[in-house]
Amino acid sequence: MKAARINERIWALHADVDSNDLFEGIWPIPEGVSLNSYLVKGDKIALIDLARDWCGAARELKTQINELGIELGQIDYLILNHLEPDHTGWLRDFKEQNPEVTIIATQKGVELVKSFYKIEDRLMAVKSGDSLDLGGISLRFEETPNVHWPETMMSFEPESGTLFSCDAFGSFGKLGNRVFDDEYYAEEHAFFQEESLRYYANIVASFSHFVKKAVEKLAPLGIKIVAPSHGIIWRERPKVIIERYLKYAGYMDGPQEKEVCVVWGSMYGNTKLGLEALLKGLEDERVPFTLHKVPDEDASFVLADAYKSAGIVIAMPTYEYKMFPPMAYILDIFERKHIFGRKTVRIGSYGWSGGAKKEYEAKTAALKWNQLEPIEWAGAPDDETCMALREKGRELGKAIKAG
Ligand code: FEO
């Protein structure tokens, strides 16, 4: 990959990570992820955000800097918008190669530089409204706490209107040699849209109120280019990604999309049979749904559809008097990621005794779901149960449509 020119003074650098490693140690990235950094060149040189030494990313970053005719030692300022190690993991090594660099972050960010990397010297804390004159170009800083860590800030270059937004407005998915929005076809944008939703639901969703606040705060700046630290750089249609993020943030309190995320597991097919009857009821009402089988499918993908959907179906058998264990994990993730206030129903088969009810109700209490009466049945569902399940699907579908 090569550095991509944003203008005569700003360059986008990135490394694609294409690995079976999990992002944050939790989330699969089957289509990879990009780690983006930016080089801003005035009389002085600033590098915005670093990388983790992950799948050769640090080497790639160094190579791209060198190809611009710049040695690491010539970088005057390293601006760390966010201290999560995917953007800072290479910091100690970088600092050894450039001991004179001044590291800029928020006050909380500076504390994290000290605690994560044991670096104590040449640290500069900045706050909202502060700016850095590089000679011929300047950067302004805006604190955006909890998007998604407390120390987060964004950097802004006023002349070109470039917002260096770090994790915000980012996405999973590797970039290859194209980094700008106008270099992608519609179907590729559809892929990045899906991956931006999954990224948002996995990483940012719990902080949606802070996302809304940050967008409000940044609006007066006159953003013309959105340059995040993961995914596409938006120079032609920056509003697309800003509005998309606002929409995602809005899913937190609603309204969500009028669709249903169906999460199901079945040990021997009896819960699956009952679920098929319920889905006919959703089809009767023409309410779209997505299907997610657990534990086969990773929670990352379940979460993306659950986050955007107004309705959720939980279909699982009783397992040793309690919930089907993979579903307990999904519900735990739902609570952590604030999948609150959805219209839901639980269905499932049991062998000799239903038993999931008590555990399920305890597990979902914090979610404040609007729950329809559950349906449980012994063994295989008979015709009468299937009719009741189909009717339950209709009932849920009607509730979703009614908003
Ligand atoms: Fe991409 Fe929160 O780090």
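## Salt bridges and their surroundings

At 37% relative accessibility, Glu276 is partly exposed, a class that lies between buried (under 20% relative accessible area) and exposed (over 50%), computed with a 1.4 Å probe on protein chains only. The structure is a predicted model, in which local features need pLDDT of at least 70 and side-chain atom pairs count only at pLDDT 80 or more, while totals for chains, interfaces and linings use all residues. Residues are numbered from 1 along each chain as its sequence is written, and side-chain values use heavy atoms, with hydrogens and water left out.

The partner of Glu276 is Lys272, and their side chains form a salt bridge with an N to O distance of 3.4 Å. A salt bridge here is a side-chain nitrogen of Lys or Arg within 4 Å of a carboxyl oxygen of Asp or Glu. Both residues belong to helix H8 (residues 270-284), where a spacing of 4 residues puts about one helical turn between them. Helices (H or I, at least four residues) and strands (E, at least two) are DSSP runs, numbered from the N terminus. Lys272 is partly exposed as well, at a relative accessible area of 36%.

Across the whole structure, the search finds 24 salt bridges. Among them are the following pairs.

| Pair | N to O distance |
|---|---|
| Lys247 and Glu257 | 3.6 Å |
| Lys272 and Glu276 | 3.4 Å |
| Asp284 and Arg390 | 2.9 Å |

Asp284 and Arg390 meet through their side chains in a salt bridge. This pair links distant parts of the chain, since Asp284 is in helix H8 and Arg390 in helix H12 (residues 383-402), 106 residues apart. Asp284 has 30% relative accessibility and is partly exposed; Arg390, at 31%, is also partly exposed. Through salt bridges that share partners, Asp284, Arg390, Glu391 and Arg394 are joined into one network.

A further salt bridge brings together the side chains of Lys247 and Glu257. Lys247 lies in helix H7 (residues 238-251) and Glu257 in strand S13 (residues 257-264), so the pair ties together parts that are 10 residues apart in sequence. Lys247 is partly exposed, with a relative accessible area of 48%, and Glu257 is partly exposed at 24%.

Glu236 is found in the loop between strand S12 (225-228) and H7. With a relative accessible area of 53%, Glu236 is exposed. Apart from neighbours within four places in sequence, Glu236 is in contact (heavy atoms within 4.5 Å) with Asp181 and Asp182. A separation of 30 Å lies between the C-alpha atoms of Glu236 and Asp253, which are 17 residues apart along the chain.
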